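Hi everyone, thanks for coming. Today I'd like to walk you through the inside of a protein, so please have a look at the screen.

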Amino acid sequence: MGQLVEEFNDYRSKMNDRIMETANTNIKRFFALDTTTYAEGALNVKTKEMLGLVASMVLRCDDCIKYHLEKCYEEGVTNEEINEVFMIANLVGGSIVIPHYRRAVEYWDELSL
C-alpha cells in the first residue's frame, strides 16, 4: 500500500485511540454501532461497504471515502465495480462530487501499491 494509505491509517488509529481514552459511553456506543452496522447480515459486507462509499462520496467526507475505499479493496471489489460505484456517487451527488472522485481514484490506485 502506498504512502497516502499508510499516513491515513496511522493518523486514524492514533486519533481513535486518543478519543477512546476520554470518550463517554455514548461515543463508545456510536463507534460500536458503526462497526456492527457494517457486519455481515441480510446484505454482505462487500455490498455494505460499497453503499458506505457512495454515501461518503455524496456527503463529501474524504476521510470516510478513504476508509470505505480500503474496506472495499479488502472485500475484493474489482476495478470495474469501483468505477460503477463512482458513477452512482457522481450521478446522485452531482458535479460537486468530482473533486472527491479524483481523490478517490488516487487513493484506490494507492491501495494497489
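Let me begin with a term: a cavity here is a set of grid points where a 1.4 Å probe fits but cannot get out. Please keep in mind that this is a predicted model.

So, how many cavities of 30 Å³ or more does a search of the whole structure find? The search turns up 1. The space in this largest cavity is about 40 Å³.

Who lines the largest cavity? The lining residues are Asp-62, Ile-65, Lys-66, Leu-69, Arg-103, Ala-104 and Tyr-107. Two elements give two or more residues each to that lining, helix H4 (62-74) and helix H6 (98-111). H4 provides the largest share, with 4 residues. Sorted by class, the lining has 4 nonpolar and 3 charged residues, and no polar ones.

Now let's turn to H6. This helix has 14 residues and reaches 20 Å from its first C-alpha to its last, close to the 20 Å expected at 1.5 Å a residue. Which residues of H6 are buried? They are His-100, Ala-104, Tyr-107, Trp-108, Glu-110 and Leu-111. If you look down the axis of H6, these buried residues fall within an arc of 155°, so they line one face of the helix.

Notes. Residues are numbered from 1 along each chain as its sequence is written. This is a predicted model: local features need pLDDT of at least 70, side-chain atom pairs count only at pLDDT 80 or more; totals for chains, interfaces and linings use all residues. Side-chain values use heavy atoms; hydrogens and water are left out. On a 1 Å grid over the protein atoms alone, a cavity is a set of points where a 1.4 Å probe fits but cannot get out, and a pocket is an open set with protein on both sides within 12 Å along at least five of seven lines; lining residues have an atom within 4 Å of a point. Grid points are joined across faces, edges and corners, and a volume is the space filled by probe spheres set on the points. Ala, Val, Leu, Ile, Met, Phe, Trp, Tyr, Cys and Pro count as nonpolar, Asp, Glu, Lys and Arg as charged, and the others, Gly among them, as polar. The expected span of a helix is 1.5 Å times one less than its number of residues. Buried means under 20% relative accessible area, exposed over 50%, partly exposed in between (1.4 Å probe, protein chains only). The arc is that of the directions from the helix axis to the C-beta atoms.
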